[in-house]
Amino acid sequence: MHTFPASPGDDGRRRTAATGAARGGGRVSASPATTARHARVTDRPRTALPAADPTVPRHGRERRNRRVLRAVGTGALGVGLFLGTGGALAYTDIQGNVQRQDITDLLGERPDGGGVAAPLDAKAGQALNILIMGSDSRDGANDDSSGVGGMRADTTMIAHVAADRSRVEIVSIPRDTLVDIPSCTLPDGSQTSPHDDAMFNSAFAIGGQTGDVGAAAACTIRTVEDLTGVFIDDFVVVDFAGFINMVDALGGVPMYIPEPISDSRADLELQSGCQVLDGHDALGFARVRKSMGDGSDISRIGRQQELVAAIAREALSKNLLTDLPALYQFLDAATATLTTGAVIGQIPTLAGLASSLRGLDPADISFATMPFDWAGSRVVPSAQADDLWDALAADQPIEATLTGTGEAPAAETSPTPQPAEQPVAQPSAPGPTSEATPITAAPAGENADAAQYPSEPTCTK
């Protein structure tokens, strides 16, 4: 997640968008669905989220996405953490790691979603949308001596958990998307100015200008809800140190590296082929941009999704429910520098969510990126983005480009029509038997969709 100073709403960026439009890649006119969705957002008063009662183990408006990872690890908690002496101490220790923030008063008007965030429950039954943000703050344990100040969220994903808990869908929003950022409320009650055609990741910086991560998340949530019309139930912010700790707690993540990487800005040196990335290298792989591919943030998103899929596979492969020391180590490390909403950060909530997702398979995890059109060096949502947002809001499966297996979704094929039966002459006597010629299926590369997302080796430890 390379750092770029945020300068929201500057005239130069507006000119860039205008230039892109002149080239045929400008902002797409709002569709009737989009117009109606945004009207719904502004016309409906926001209902306050219920404050979390620490004495009540809140069910679970599930947050299955600390990239699948948090869900799996925490899920074991409810079953395992109290199965022995010291359980209560472990619970208190881990819960104390998580910094929870109630941002209800900072959110203002919101899109439809039942008006109130659905309860974080172990009984499921309601779809969940969790906004996951990767913060590039250099404060505290994240200090890399770069001298970069402030905070931005160069990685932002909507994690959608289906109501029946049969699938998890992760949608990336490019940081360079030009969006309208609404006025946001700061912790002291003051309001920020709205910004038109600003870079999406500047919403986090605007809300977090006082150093408050919760306010940064709230401004980003408001921007996402205005952009998509999708109600966001809660949030998770992961910083550099938290990401490193999480991967190291898993013992590293197997990852296929298609080409050698040497990038001083990401502090990354990797050979090509199968590698087990520790936390430091996994973070570098997630951040590296200019030295790989075309150097764009868009191509980096694809690599980040592949890394998240690899993390998901590794987490799902570990039997944390029966390995209590490994469970405690993972939870203690993964939650050390995590910031969440007031409810999702409760350990019983996470346990309930993970429990309801315990049967999830990597193939049930899907990834996609917001469809976009180029606007100069930036991007704007395309008309197809409306279909994606509508699918999330309606809890319908999305058109994914990658699954948790590390491969593209299997293409659905229509049954091959059978030729009409022809009369066969019966020989008067048995003749010599001929060998049947094997029929070889067309390779996946000949399928247009499969060719667009070629398979790469899946690595294991």
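At 46% relative accessibility, Cys274 counts as partly exposed. Its bonded partner is Cys459, and that residue is buried, with a relative accessible area of 7%. Keep in mind that you're looking at a predicted model.

**The disulfides**

- How many disulfides does a search of the whole structure find? The count is 2.
- As a reminder, a disulfide is a covalent bond between the sulfur atoms of two cysteines.
- Number the bonded cysteines in sequence order and the pairing reads 1-2, 3-4.
- Cys184 and Cys219 make up one of these bonds, with their sulfur atoms 2.1 Å apart. The torsion about this S-S bond is about 70 degrees, so the disulfide is right-handed.
- This bond ties together distant parts of the chain, 35 residues apart: Cys184 sits in the loop between strand E5 (178-181) and E6, while Cys219 belongs to helix H6 (residues 213-228).
- Cys274 and Cys459 are joined with an S to S distance of 2.0 Å. Here the torsion is about -80 degrees, so this disulfide is left-handed.
- Distant parts of the chain are linked here too: Cys274 lies in strand E11 (residues 273-277) and Cys459 in the segment after helix H13 (448-452), 185 residues apart.

**The nonpolar cores**

- In soluble globular proteins, nonpolar side chains tend to be buried together.
- The largest nonpolar core has 48 residues. Which of them touch the most other members? They are Phe243, Ile261, Phe285, Leu307 and Ile311.
- Helix H9 (residues 297-317) is the top contributor to this core, giving 7 residues.
- There's also a second, separate core of 39 residues, and its members include Ile103, Phe200, Val213 and Met370.

**A helix tucked inside**

- Why is helix H11 (residues 347-356) described as largely enclosed by the rest of the structure? Because 7 of its 10 residues are buried.
- The buried residues of H11 are Ile347, Thr349, Leu350, Ala351, Gly352, Leu353 and Ala354.

**An aromatic pair**

- A pair of aromatic rings is described by the distance of the centres and the angle of the planes.
- The count of aromatic pairs comes to 1. That pair is Phe372 with Trp374, at 5.6 Å centre to centre and with 85 degrees between the planes, which makes it edge-to-face.
- Phe372 counts as partly exposed at 23% relative accessibility. Trp374 is partly exposed as well, with a relative accessible area of 41%.

**Around the loop between E5 and E6**

- Besides Cys184, the loop between E5 and E6 holds Asp188.
- Is Asp188 buried or exposed? At 61% relative accessibility, Asp188 counts as exposed.
- The side chain of Asp188 makes a polar contact with the side chain of Ser190, at 2.6 Å.
- Thr210 is 22 residues from Asp188 along the chain, and the C-alpha atoms of these two residues are separated by 9.4 Å.
- His195 is part of strand E6 (residues 195-199). With a relative accessible area of 18%, His195 is buried, since the cut-off for that label is under 20%.
- A polar atom of the His195 side chain lies 3.2 Å from the backbone oxygen of Ser193.

**Positive phi away from glycine**

- Arg165 isn't a glycine, yet its phi is positive, near 60 degrees.
- Where is Arg165 found? Look in the loop between strand E3 (153-161) and strand E4 (168-172). Arg165 counts as buried, at 6% relative accessibility.
- Asp395 is another non-glycine residue with a positive phi, of about 60 degrees. You'll find Asp395 in the loop between helix H12 (383-393) and strand E16 (402-403).

Key:
Residues are numbered from 1 along each chain as its sequence is written. This is a predicted model: local features need pLDDT of at least 70, side-chain atom pairs count only at pLDDT 80 or more; totals for chains, interfaces and linings use all residues. Side-chain values use heavy atoms; hydrogens and water are left out. Helices (H or I, at least four residues) and strands (E, at least two) are DSSP runs, numbered from the N terminus. Buried means under 20% relative accessible area, exposed over 50%, partly exposed in between (1.4 Å probe, protein chains only). A polar contact is a pair of N or O atoms within 3.5 Å; within protein, one must be able to donate a hydrogen and the other to accept it, and residues adjacent in sequence count only if both atoms are side-chain atoms. Rings of Phe, Tyr and Trp (its six-membered ring) pair if their centres lie within 6.5 Å; planes under 30 degrees apart count as stacked, over 60 as edge-to-face and the rest as tilted. A nonpolar core is a set of buried Ala, Val, Leu, Ile, Met, Phe, Trp, Tyr and Cys residues joined through side-chain atoms within 4.5 Å. A disulfide is a pair of cysteine sulfur atoms within 2.5 Å.
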